[in-house]
Amino acid sequence: MKDNFAHRAAEWDSPEKTKMTEIFVAEMLRHIDPQPHWKALEIGAGTGLVGLQIADKVGHIVFEDTSAAMLDVLKQKMDEDSNSETLHGEVYDYQQQDIDLAFACMALHHVPDIEKTLHHLAGITNAGATVVIGDLRLEDGSFHRFEPIPHQGFDTDILTEQFREAGFEVQTAHTYHVLSRERVEGVITDFEQFILVAKKR
Ligand SMILES: C[S@@+](CC[C@H](N)C(=O)[O-])C[C@H]1O[C@@H](n2cnc3c(N)ncnc32)[C@H](O)[C@@H]1O
């Protein structure tokens, strides 16, 4: 399994990344009310900056990621007796149907096959489960200009339709934050981040 984040893992937990995940979690918690009996799955969990903010609100949480290096950083932050586990692999490697909440922050654009992923999510979630995605709206490619990635952000109308076809009702898909970045020297570009909240039918 290719680990495109191996060289970034040790430095990932910067104040900037922490702030970005806090903004995402605050928006997520405006739309969902995690319950102590819920089992949660974070896709592309990385070093756990998002999921660790949710962990004490749910019964159990699985942190899934294709990067062993990112998960190694996360493991150093996990309590031994915590309600959490890591899954080194793709989302397809999770195969029980018992998830009440699945979420991904800035990870879905790294996942090649969105339709396959959403159908898999439909297969591993309980009826009424919630899926929350935080990611970039369509961008001009400058956000990841030094690394090839499967998706240069998302058109949320298309993503909404893909969720519907996989068996979910989308409750909201809206911009919650704008990242201003100097990806090209001397040019500040605004990258819109959206949150999409879906419920399994
Ligand atoms: C931009 S980072 C975001 C990490 C974390 N969600 C955060 O907000 O700090 C993207 C993460 O997705 C992971 N990733 C890349 N491709 C993946 C895939 N196909 N399945 C699951 N995770 C993947 C990467 O290893 C990386 O940890």
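Reader: Which residue is the bridge partner of Ile61 in β3?

Author: Two strands are said to pair if DSSP finds at least two bridges between them, and strands (E, at least two residues) and helices (H or I, at least four) are themselves DSSP runs, numbered from the N terminus. In this predicted model, Ile61 has Ser84 as its bridge partner in β3, and strand β2 (residues 60–65) runs parallel to strand β3 (residues 84–88), with 5 bridges joining them.

Reader: Before going on, what should I know about the numbering and the confidence limits?

Author: Residues are numbered from 1 along each chain as its sequence is written. Because the model is predicted, local features need pLDDT of at least 70 and side-chain atom pairs count only at pLDDT 80 or more, while totals for chains, interfaces and linings use all residues.

Reader: What kind of unit do β2, helix α3 and β3 make?

Author: A crossover is called right-handed if, with the strands pointing away from the viewer, the path from the first strand over the helix to the second runs clockwise. By that criterion β2, helix α3 (residues 68–77) and β3 make a right-handed β-α-β unit, and β4, helix α4 (residues 114–124) and β5 make a right-handed unit of this kind as well.

Reader: In which sense does β4 pair with strand β1, and in which with strand β5?

Author: Strand β1 (residues 39–43) and β4 pair in the parallel sense over 3 bridges, with Glu42 standing opposite Phe103 in β4. On the pairing of β4 with strand β5 (residues 125–136), the sense is again parallel, over 6 bridges, and there Leu101 stands opposite Thr130 in β5.

Reader: How many residues of β4 are buried?

Author: A residue counts as buried if 20 or more other C-beta atoms, placed from the backbone, lie within 10 Å of its own, as exposed if 12 or fewer do, and as partly exposed in between. Strand β4 (residues 99–105) is mostly covered, since 7 of its 7 residues are buried, whereas for the protein chain of 201 residues the buried share is 37%.

Reader: Is Leu41 buried or exposed, and with which residues is Leu41 in contact?

Author: Leu41, which is found in strand β1, counts as buried because 27 C-beta neighbours lie inside 10 Å. Contact requires that the C-beta atoms of two residues, placed from the backbone, lie within 7 Å; leaving aside neighbours within four places in sequence, Leu41 is in contact with Val62, Glu64, Tyr94, Ile99 and Ala102. The C-alpha atoms of Leu41 and Val62 are separated by 4.7 Å, although the two residues are 21 apart along the chain.

Reader: Where does Met106 lie, and what is its phi?

Author: Met106 lies in the loop between β4 and α4, and has a positive phi of about 55 degrees although it is not a glycine. Met106 counts as buried, because 21 C-beta neighbours are found inside 10 Å.

Reader: Why does Ala10 count as exposed?

Author: Ala10, placed in the segment before α1 (15–31), is exposed because 12 other C-beta atoms lie within 10 Å.

Reader: Which residues come nearest to the ligand?

Author: A residue is near a molecule if its C-beta atom, placed from the backbone, lies within 6 Å of it. Of the 20 residues around the ligand, Gly44, Gly46, Ser67, Ala107 and His110 come nearest.
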